[in-house]
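Subject: Structure handover

Hello,

Here is the structure we talked about. My notes on it follow below.

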Amino acid sequence: MARGGREHWGSRVGFILAAAGSAVGLGNIWRFPYYTGVNGGAVFVMVYILCVILLGFPLMFAELSLGRRTQKNAVGAFLSVKPHSPWFLAGSLGVLAGFLILSYYSVVAGWTIGYFIESLLGVFRSFHNATEVANYFKAFSANPVKAVGYHALFMVLCMLIVIRGVKAGIERWSKILMPTLFGILVLSIIRALTLPGSFSGVKFFIFPDFSHFSLDTVFLAMGQAFYSLSLGMGCMITYGSYLSRKSNIPSNGIWIAGLDTMVAFLAGFAIFPAVFAFGLKPEGGPGLVFQTLPNIFRVMPGGVVFAPLFFLLLLIAALTSGISLLEVVTAYFVDEKGWSRKKTVLITGTIIFFMGIPSALSYGKLAKPIVFGKTPFDFVDKLTANYLLPLGSILIAVFVGYIWGRDKASREIMDGAPGFKLAPLWLFLLRYFCPVVVAQILIFGFLSEFTSPAVQAFTKILQRYFIIADIALLGVVAVWTAHFFLRKGRKFSL
Ligand code: TRP
């Protein structure tokens, strides 16, 4: 079914690094550590890992299989399995999400370029106290020339890589950037852990604290798992479409999710020990990375070197994710509209740049609730993370589980992985577990829009019932799995 001339990954390592590069992004470095810190430490990590295994793996396998089978982009994959049906719209939703996510992701990524350059110039050394650092961030993000300029620069970097194609662009750069990222991460961890007083940060990060654990935590962990693994918008369909028949989907998928989770976890060890060693408070969101950390670099021994290194780490993480988002959009126009790669990247990259301008101005001139009561930045962020990605995930799970169907899907995943005995379990999770559970994320995302006490009370009650239902569902999965292994006397193998 492969169309002649479609590019393929040059090597297995290249593919894994590119896909892990897509997954490892800003979400891993500031969102995951922060969520873990404020949601009960190790408890959150355990729930998160469960989400990756029960929801992340099934969807990751589904996207990769669909991509490899059809050798098509997000829309084309649906069209070639189910022509003349509205299912292609599920793929269109993904392409739309690609445009939207990259438009605001690039703004934050732009800040990392700005901070990288300014830390190289030694700007953070010149501050005297935390207020100056905080004011600096406010002035920096509100400055329209810097915000839009660095956003433009990041888009240009993504375009330069994607324009070269899959092998010479995405794969080649991932093979350079990802090892660099791991290296910087390890250096940062060593630096943070050798600071006096760093242990309280380790404690904050990893010791379970059940008093900070609530049902919200569970839903937060689910949403974070999708976002972090780049699922729900056809990113892995697109990357999977450059795989050859021989590739082993389950083992590749486990590598990708494993690397992603490892980086998220390690980022916590680079950040919190340092935060606590200097007696600061862990803060969420951009504040942690752009206000708290510069404060540390200001006084930390070796800060002159570690400040630019850390922002380079963030930039690399953002860049390998940014190129994957641009590739989703690019592959669509190249496959479906027959445009050349060069033309597509130039046009779509420019459109995304313009779409991102309101987000870039959201911390300055447009810091007003002008789109459905939100700043443009928050609106796009919420729209994609709370609605488009969960919806996309449900549609992909239903499509692969029911429309493409059990037989074809399991034949596909076993192709290249003949020893994969878990295909029935995979399909079971995909058909019965994922759609039901992800629908809950959608519902709670929607309910969180309303701040009235009545709605919040209702949300709390609903959460309780849903969790009970989920646990019951988990019980069914467990019984089913036990039955499957006992009856067939199968051995666990991939
Ligand atoms: N996974 C990336 C992060 O953790 C962001 C990202 C890149 C993404 N591509 C995606 C999220 C596709 C959802 C879908 O920052």
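A salt bridge here is a side-chain nitrogen of Lys or Arg within 4 Å of a carboxyl oxygen of Asp or Glu. Arg 341 and Glu 327 meet that test, with their closest N and O atoms 2.9 Å apart. The pair links distant parts of the chain: Arg 341 sits in helix α15 (residues 341-360) and Glu 327 in helix α14, 14 residues apart. Keep in mind that this is a predicted model.

**Salt bridges**

How many salt bridges does a search of the whole structure find? It finds nine. The Arg 341 and Glu 327 pair is one of them. Both partners are covered. Arg 341 counts as buried at 17% relative accessibility. Glu 327 counts as buried at 0%. Salt bridges with shared partners also join Arg 68, Arg 69, Arg 245, Glu 412 and Asp 415 into one network.

Arg 6 pairs with Asp 335, and their closest N and O atoms are 3.0 Å apart.

Lys 146 bridges to Glu 118, with 3.3 Å between the closest N and O atoms. Lys 146 is in helix α7 (residues 144-163) and Glu 118 is in helix α5, so the pair ties together parts 28 residues apart in sequence. Glu 118 is buried, with a relative accessible area of 9%. Lys 146 is partly exposed, at 27%.

**Surface patch**

Helix α5 (residues 88-120) also holds Ile 117. Ile 117 is partly exposed, with a relative accessible area of 33%. Together with Leu 120, Leu 121 and Leu 153, Ile 117 forms a nonpolar patch on the surface. The accessible area of the four together is about 390 Å².

Leu 121 gives one distance across the model. The C-alpha atoms of Leu 121 and Ile 190 are separated by 24 Å, and the two residues are 69 apart along the chain. Ile 190 lies in helix α8 (residues 166-193). Ile 190 counts as partly exposed, at 49% relative accessibility.

Helix α2 (residues 26-38) has 13 residues. From its first C-alpha to its last, α2 reaches 18 Å, close to the 18 Å expected at 1.5 Å a residue. Where does α2 bend? The bend is at Phe 32, by about 25°, and Pro 33 follows within four residues. α2 is mostly covered, with eleven of its 13 residues buried. Among them are Leu 26, Trp 30, Phe 32, Pro 33 and Tyr 35. Just after α2, Gly 40 takes a positive phi of about 95°.

Helix α18 (residues 423-447) has 25 residues. At 1.5 Å a residue, α18 should span 36 Å, and its end C-alpha atoms are 35 Å apart, which agrees. α18 bends by about 40° at Phe 433, with Pro 435 following within four residues. α18 is mostly covered: 18 of its 25 residues are buried.

Leu 319 is in helix α14. Leu 319 is buried, with a relative accessible area of 9%. Which residues does Leu 319 touch, not counting those up to four places away in sequence? They are Phe 154, Leu 157, Cys 158, Ile 161 and Leu 177. Leu 319 and Leu 26 are 293 residues apart in sequence, but their C-alpha atoms are 9.5 Å apart in space.

Thr 375 is in the loop between α15 and α16 (376-404). Thr 375 is buried, with a relative accessible area of 16%. Leaving aside neighbours within four places in sequence, its contacts are Ser 362, Leu 366, Ala 367, Lys 368 and Pro 369.

Best wishes

Key. Residues are numbered from 1 along each chain as its sequence is written. This is a predicted model: local features need pLDDT of at least 70, side-chain atom pairs count only at pLDDT 80 or more; totals for chains, interfaces and linings use all residues. Side-chain values use heavy atoms; hydrogens and water are left out. Patches are made of residues with over 30% relative accessible area and no salt bridge: like charges are joined within 9 Å, nonpolar side chains (Val, Leu, Ile, Met, Phe, Trp, Tyr) within 5 Å. Accessible areas come from the Shrake-Rupley method with a 1.4 Å probe; for residues, only the protein chains shown count as cover. Helices (H or I, at least four residues) and strands (E, at least two) are DSSP runs, numbered from the N terminus. Buried means under 20% relative accessible area, exposed over 50%, partly exposed in between (1.4 Å probe, protein chains only). The expected span of a helix is 1.5 Å times one less than its number of residues. The bend at a residue is the angle between axes fitted to the seven residues ending there and the seven starting there. Contact means heavy atoms within 4.5 Å.
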